[in-house]
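Here is a friendly note to read with the model open beside you. Take the points one at a time, and find each residue as you go.

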Amino acid sequence: MNRKKIIEKLLISNFNDWQINVIDISKQHKGHNNFDGLGETHFSITLRNKKNVSFNKLSLHRQIYKILDDQFYKGLHALEIKITD
């Protein structure tokens, strides 16, 4: 299973009240520190609140990083996280 699918699966199973969109943006970082843009290392994650429940953005960021902690040891380098109502 590729990293995008793994991230989607982990987030969907932990954030039931959220619409989740995961985009691989690794190619946008091609050339940065000799990076070739391959390898599923950079992702943009958008969480959209489906049920209009209150939330704390900092807490959600921490939860996401905790959930994906293992992926950072397997080559994930960067996350861009957007949280909207």
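1. Start with K74, which is exposed at 53% relative accessibility. Buried stands for under 20% relative accessible area, exposed for over 50%, and partly exposed for what lies in between, using a 1.4 Å probe and protein chains only. The salt-bridge partner of K74 is D70, with 2.9 Å between the closest N and O atoms. D70 itself is partly exposed, with a relative accessible area of 42%.

2. A word on what you are looking at. This is a predicted model, in which local features need pLDDT of at least 70 and side-chain atom pairs count only at pLDDT 80 or more, while totals for chains, interfaces and linings use all residues. Residues are numbered from 1 along each chain as its sequence is written, and side-chain values use heavy atoms, with hydrogens and water left out.

3. How many salt bridges does a search of the whole structure find? There are three, where a salt bridge is a side-chain nitrogen of Lys or Arg within 4 Å of a carboxyl oxygen of Asp or Glu. As background, side chains of opposite charge can pair when their charged atoms come close. Helices (H or I, at least four residues) and strands (E, at least two) are DSSP runs, numbered from the N terminus. D17 is partly exposed at 26%, whereas K51 is exposed at 57%.

4. Another salt bridge links E80 and K82, with the closest N and O atoms 3.5 Å apart. E80 is partly exposed at 35% relative accessibility, and K82 is partly exposed too, at 41%.

5. Three strands form an open sheet in the order 1-2-3, with mixed pairing; two strands pair if DSSP finds at least two bridges between them. Strand 1 and strand 3 (78-84) are at the edges with a single partner strand each, so one side of each has no neighbour in the sheet. On average, neighbouring strands are turned by 15° against each other, direction ignored.

6. Look at the pairings one by one. Strand 1 and strand 2 are antiparallel, over seven bridges, and I20 has L47 in strand 2 as its bridge partner. Helix 1 packs on the sheet and touches strand 1 and strand 2, its direction making about 165° with that of strand 1. Helix 2 also packs on the sheet, touching strand 1, strand 2 and strand 3, at about 140° to the direction of strand 3. Contact here means heavy atoms within 4.5 Å. Axes are lines fitted to C-alpha atoms, for helices over the stretch in contact, and angles run from 0 to 180 degrees between N-to-C directions.

7. Strand 2 and strand 3 run parallel, joined by seven bridges. H42 is bridged to A78 in strand 3, and S44 to E80. Why is strand 2 largely enclosed by the rest of the structure? Because six of its eight residues are buried.

8. In a regular strand the side chains alternate between the two faces of the sheet. In strand 3, L79, I81 and I83 make up a covered face, while A78, E80, K82 and T84 make up an uncovered one.

9. Finally, the rings: the search finds two aromatic pairs. Rings of Phe, Tyr and Trp (its six-membered ring) pair if their centres lie within 6.5 Å; planes under 30 degrees apart count as stacked, over 60 as edge-to-face and the rest as tilted. W18 and F55 have ring centres 5.0 Å apart and planes at 75°, so they are edge-to-face. This pair links distant parts of the chain, 37 residues apart, with W18 in strand 1 and F55 in the loop between strand 2 and helix 2. W18 is buried at 9%, whereas F55 is partly exposed at 25%. The rings of Y65 and F72 have centres 5.6 Å apart and planes at 15°, so they are stacked. Y65 is partly exposed at 37%, and F72 is partly exposed at 27%.
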